[in-house]
Amino acid sequence: MEDQKIHFRHVMFHCFKKDSTLKNTAKEICDVYGDRSITVQTVRNCFRSFRAGNFNLKDEDRSGRPSTTDTDLIKAYLDENPRSSFREIADVLNIPRTTIHEHLTKLGYVNRYEVWVAHQLTESNLLNRILTCDLLIQRNKREPFLKKLITGDESLGRVEISVL
């Protein structure tokens, strides 16, 4: 999202240097990137900044209350208590549940079978999966167990067993 904003500012700066109008610039960007990609007001604000001599294309720091939630604190708690719910984490760490959800999403954690796990595979997990698949392939070569799987069909009210 941030990269797209910077890209739009580059395009607006190009149009500003060409002395394009606000409406034409917004129309040109919307024609290429979609109707809701930018508004005339956004182009107006950007052009005003360019006229003032500010050619910085990145977002400036905003005033306001800085984020005080430490993602490391949430991660450390989940490492010790992986079966915790949002409510338990919120009660223990005194952080709103919505904030916890945002930080867990940023960290890449997902809840699987009531346990919080990292969505990305670690190198050891990846190697373990590869090793398991390799062992199953070797086993199938020695003893073809996949051909001995039994399937059943109960659609006719009776069980038909077929061996693959």
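The legends below describe close-up views of a predicted model.

**View 1. Overall fold of the predicted model.** The secondary structure comprises seven helices and four strands. Along the sequence these follow the pattern α-α-α-α-α-α-β-β-α-β-β. The protein has 164 residues, of which 20% count as buried. Among contacts with a separation of 6 or more, 43% are between residues 24 or more positions apart.

**View 2. Surroundings of phenylalanine 50.** With neighbours within four places in sequence left aside, phenylalanine 50 is in contact with Arg9, Met12, Phe13 and Phe16, and also with Phe55 and Leu57.

**View 3. Aromatic pairs between helices H1 and H3.** The structure holds five aromatic pairs. One of them joins phenylalanine 16 and phenylalanine 47: the ring centres are 5.3 Å apart and the planes stand at 75°, so this pair is edge-to-face. Phenylalanine 16 belongs to helix H1 and phenylalanine 47 to helix H3, so the pair ties together parts that are 31 residues apart in sequence. Phenylalanine 16 and phenylalanine 47 are buried. Phenylalanine 16 also pairs with phenylalanine 50; here the ring centres are 5.3 Å apart and the planes are at 50°, so the pair is tilted. Phenylalanine 50 lies in helix H3 and phenylalanine 16 in helix H1, so this pair ties together parts 34 residues apart in sequence. Through ring pairs, Phe13, Phe16, Phe47 and Phe50 are linked into a cluster.

View 4. H2 has 12 residues, and the distance from its first C-alpha to its last is 16 Å, close to the 16 Å expected at 1.5 Å a residue. Its buried residues are Thr25, Ala26, Ile29 and Cys30. They cover an arc of only 125° around the axis, and therefore lie on the same side of H2. An α-helix has 3.6 residues a turn, so residues three or four places apart point the same way. The exposed residues Lys23, Asp31 and Val32 are carried on the face of H2 turned away from its buried side. Just after H2, glycine 34 takes a positive phi of about 115°.

**View 5. Buried and exposed faces of helix H5.** Helix H5 spans residues 86–93, and its buried residues are Ile89, Ala90 and Leu93. These residues cover an arc of only 100° around the axis, which puts them on the same side of H5. Arg87, Asp91 and Val92 are exposed on the other side of H5. Asparagine 94 follows H5 and has a positive phi, near 60°.

**View 6. Tyrosine 77 in helix H4.** Tyrosine 77 lies in helix H4, residues 71–80. With a relative accessible area of 14%, tyrosine 77 is under the 20% cut-off and so counts as buried. Beyond its neighbours within four places in sequence, tyrosine 77 is in contact with Ser84, Glu88, Ile89, Val92 and Leu93. Tyrosine 77 and valine 92 are 15 residues apart along the chain, and their C-alpha atoms are separated by 9.2 Å.

**View 7. Threonine 105 in helix H6.** Threonine 105 has its place in helix H6, residues 97–107. Its relative accessibility is 52%, over the 50% cut-off, so threonine 105 counts as exposed. From threonine 105 to alanine 118 the C-alpha to C-alpha distance is 9.9 Å, and the two are 13 residues apart in sequence.

View 8. Cysteine 15 counts as buried, at 1% relative accessibility. Cysteine 133 has a relative accessible area of 47% and is partly exposed. The whole structure contains zero disulfides.

Methods. Residues are numbered from 1 along each chain as its sequence is written. This is a predicted model: local features need pLDDT of at least 70, side-chain atom pairs count only at pLDDT 80 or more; totals for chains, interfaces and linings use all residues. Side-chain values use heavy atoms; hydrogens and water are left out. Contact means heavy atoms within 4.5 Å. Helices (H or I, at least four residues) and strands (E, at least two) are DSSP runs, numbered from the N terminus. The expected span of a helix is 1.5 Å times one less than its number of residues. Buried means under 20% relative accessible area, exposed over 50%, partly exposed in between (1.4 Å probe, protein chains only). The arc is that of the directions from the helix axis to the C-beta atoms. Rings of Phe, Tyr and Trp (its six-membered ring) pair if their centres lie within 6.5 Å; planes under 30 degrees apart count as stacked, over 60 as edge-to-face and the rest as tilted. A disulfide is a pair of cysteine sulfur atoms within 2.5 Å.
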